[in-house]
Amino acid sequence: MSKGLVVLAYSGGLDTSCILVWLKEQGYDVIAFLANIGQEEDFEAAQKKAVNLGAKKVFIEDLRSEFVEDFIWPAVQANAVYEDRYLLGTAVARPCIGRRQVEIARKEGAQFVSHGATGKGNDQIRFELTCYALYPEVKIIAPWRIPEFYNRFQGRKDLMEYAQKRGIPVPVTPKAPWSMDANLMHISYESGILENPKSHGPADLYLMTKNPEDAPNTPDVLEIEFGNGVPLKVTNIKESQCKDSPLEIFLYLNEIGGKHGVGRIDIVENRSIGMKSRGIYETPGGTILLKAHLDIETFTMDKEVRRIKQGLSIKFSEFIYNGFWYSPECDFVRHCIAKSQENVQGKVQLSVFKGQVYILGRESPKSLYNEELVSMDVQGDYDPCDASGFIRISAVRLREHHRLQGLSHNK
């Protein structure tokens, strides 16, 4: 008799293929769910493989458009960056995948969900917090946290032997000496030879971006139009190409950024569970949008509103990284950030060239830039004498601080 129905987040790779068969051996019926979020994958072959391994059903879900509109665009509005450098390409994808996994579980009456995330990483937290938030009664099977599983499979060699004995197709090409996670926002690389933080990332590691040294010798000049803080249209000025749907915009920016080697970073970051990890990331389109959005936002947003919004952006980035997308605090911050974006509209022109993004100019009907007021050649509606009082008031605190500190030092 079956122990119950499990929806497995399935990739078609060695780990989740072994997990699918292992779950069946434990007495579960398994539904395989594979999310298309822009990764290079033979989805038809993965579907056939899951069926052959005994999956009761297989769902191949194209989530690319909702990934961009529901998850990447809020991150763009927020200028979401974790620890000043990481644009959250993996982290922001997990609530998108988890949401659909839960929808399938509810629809199919599954009591369990399962995934192949390791017991040391962030993804176990991101997937499971999403599932518990959206399906509170669900039970989660995390094989890499079950002693019977992780003691049996202590490395890739054990998985390969298990696969061969169970008739699971194994990769015919040698595995790269690092792990990789890809979606349409980025590719991340970690583990293996990259665990030594001193070792350089090999030149052949990068799949999404060219080496900037090998990039074209002429820049691409783009104009990105924003409304409510999200891109509405991108135009290549020299080539007269235009994209105006969210998915097309992001894919095109990836193409241009990748061609010019934009968006490579090599960092050590703080994982949710308390350890540091080294990761290499490629985020070409996201990097272009971050630069452009920062520019149009500063151009159109009040100084004090932006100061508050910057603090909210840091919190939002931490919520995403730590798996709290569906928490009430993240929902609140997301709405505040969306409110701040109501006047963030206009056009930014920029140049993409050999690993860099250069802002060239901007325009907006909501601009707070007053050319006459700021001009050194025109007096405008400003009396320079007012600055004297402003400076004296601002100096009161400084003068008193140093006067009293000076007295204490003399005693």
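The side chains of R306 and E297 meet in a salt bridge, with 3.2 Å from N to O, in what is a predicted model. Both partners lie away from the surface by the accessibility rule: R306 counts as buried because its relative accessibility of 16% is under 20%, and E297 is buried as well, with a relative accessible area of 0%.

This pair is one of 24 salt bridges that the structure holds.

| Salt bridge | N to O distance |
|---|---|
| R306 and E297 | 3.2 Å |
| E318 and K315 | 3.8 Å |
| D331 and R334 | 3.4 Å |

Helix α10, which covers residues 303-321, holds both E318 and K315, and because these two are three residues apart in that helix, they are separated by about one helical turn. Are the two partners buried, partly exposed or exposed? E318 is partly exposed, with a relative accessible area of 30%, and K315 is also partly exposed, with a relative accessible area of 40%.

D331 counts as partly exposed, at 34% relative accessibility. Elsewhere, salt bridges that share partners join E61, E66, D70, R99, R100 and E103 into one network.

What lines the largest cavity, and which helices supply at least two residues each? The largest cavity, with a volume of about 90 Å³, is lined by I72, A75, V76, N79, A80, L87, M185, F250, G286, L289 and L290. Helix α3, residues 64-78, and helix α9, residues 284-300, each supply at least two residues of this lining. By residue type, the lining of the largest cavity divides into nine nonpolar and two polar residues, with no charged ones.

The second largest cavity has a volume of about 30 Å³, and its lining is made up of Q101, V113, S114, H115, F127, E128, C131 and I140. Here a strand and a helix take part, since β4, residues 112-114, and α5, residues 123-134, each supply at least two residues. Of the elements involved, α5 gives the most to the lining of the second largest cavity, with three residues. Four of the lining residues of the second largest cavity are nonpolar, three are polar and one is charged.

These details belong to a protein whose secondary structure comes to 13 helices and 14 strands. Along its principal axes, the C-alpha trace spans about 85 × 65 × 45 Å, and buried residues make up 46% of the 411 residues in the protein. Among contacts between residues at least 6 apart in sequence, 70% join residues that are at least 24 apart. The accessible surface of the protein comes to about 21,200 Å², and 52% of that surface belongs to carbon and sulfur atoms.

Notes: Residues numbered from 1 in each chain as written. Predicted model: local features only at pLDDT ≥ 70, side-chain atom pairs only at ≥ 80, totals over all residues. Heavy atoms only, no water. 1 Å grid on protein atoms, 1.4 Å probe; cavity = no way out; pocket = protein on both sides within 12 Å on 5 of 7 lines; lining within 4 Å. Points joined across faces, edges and corners; volume = space filled by probe spheres on them. Helix = DSSP H or I, 4+ residues; strand = E, 2+ residues; numbered from the N terminus. Nonpolar A, V, L, I, M, F, W, Y, C, P; charged D, E, K, R; others polar. Buried < 20%, exposed > 50% of the residue type's maximum accessible area, 1.4 Å probe, protein only. Contact = heavy atoms within 4.5 Å. Areas by Shrake-Rupley, 256 points an atom, 1.4 Å probe, with all protein chains shown as cover. Salt bridge = Lys/Arg side-chain N within 4 Å of Asp/Glu carboxyl O.
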